[in-house]
Amino acid sequence: MLHYGKRLGGLPLLLRAYGSPFPRALPFGILSVVVTAVCVGVDDIQDSLRTSFLHPYPFQIYAFVIGFLVVLRTNHALHRYMEARTNVELMGSKWADVVVMCVAFDSFSTGDRASRWPWRKGRLVRNDGSEAFIARLVHLLSLLHAVALQHLRGDEELDNLVASKPRIDGGPDFLEKAKETPAESPRL
């Protein structure tokens, strides 16, 4: 990410050569100045230019070309934005896939499904911390996703990351409590 200094009213930014479009655009600007100076300096060319721009046809050509270029540039910018947005969405779905796969592997090895296999009977330990593992995994991967989005946004400082507040609904065992006492459970 480029960091620009804002001292002296941005003048160093205008005079900077690295990353600036001015060195590439300067030859075209000089050519335009030379053509304009020749057109203004020679009286025959000046008179023919005055008479040729009395008709609206040259303006229509310029308007058509400039309008087409503006639409083309806007279309390319929109395409780049949509491609970046699609890739950010894909990144988020891959983080969700990681969580789902880890939870599936954990539930198969230690959860209710593990008791279905005959060689696991008797060796299954209940309440072995799977819920804590899943909660920690979801927390870490959501934090990883948040930091990745912050990096894409270009934030260098992590001061805007704050600790999460405690849940008002009672936490992960809220649904179990709600099943026990359905009349007293608050609405979600």
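Helix 2 and helix 3 are roughly perpendicular to each other, a description that applies to angles of 65 to 115 degrees, whereas angles under 35 degrees count as roughly parallel, those over 145 as roughly antiparallel and the rest as oblique. The axes of helix 2 (residues 22-41) and helix 3 (residues 43-52) come within 5 Å and cross at roughly 95°, where axes are lines fitted to C-alpha atoms, for helices over the stretch in contact, and angles run from 0 to 180 degrees between N-to-C directions. Contact, which means heavy atoms within 4.5 Å, is made by Val-38, Cys-39, Val-40 and Gly-41 of helix 2 and by Asp-43, Ile-45, Gln-46 and Leu-49 of helix 3. By class, this contact has 5 nonpolar, 2 polar and 1 charged residues, with Ala, Val, Leu, Ile, Met, Phe, Trp, Tyr, Cys and Pro counted as nonpolar, Asp, Glu, Lys and Arg as charged, and the others, Gly among them, as polar.

The model is predicted, and local features need pLDDT of at least 70, side-chain atom pairs count only at pLDDT 80 or more, and totals for chains, interfaces and linings use all residues. Residues are numbered from 1 along each chain as its sequence is written, and side-chain values use heavy atoms, with hydrogens and water left out.

The chain contains 6 helices and 0 strands, these being DSSP runs numbered from the N terminus (helices H or I, at least four residues; strands E, at least two). Of the 188 residues in the chain, 9% are buried, that is, under 20% relative accessible area, as against exposed at over 50% and partly exposed in between (1.4 Å probe, protein chains only). Among contacts between residues at least 6 apart in sequence, 35% join residues at least 24 apart.

Helix 5 has 24 residues and reaches 34 Å from its first C-alpha to its last, close to the 34 Å expected at 1.5 Å a residue, the expected span being 1.5 Å times one less than the number of residues. The buried residues of helix 5 are Ser-130, Leu-137, Leu-141, Ala-148 and Gln-150. Gln-150 counts as buried because its relative accessibility is 6%, and, not counting residues up to four places away in sequence, Gln-150 touches Asp-155, Glu-157, Leu-158, Asn-160 and Leu-161. Helix 5 is followed by Gly-154, whose phi is positive, near 95°.
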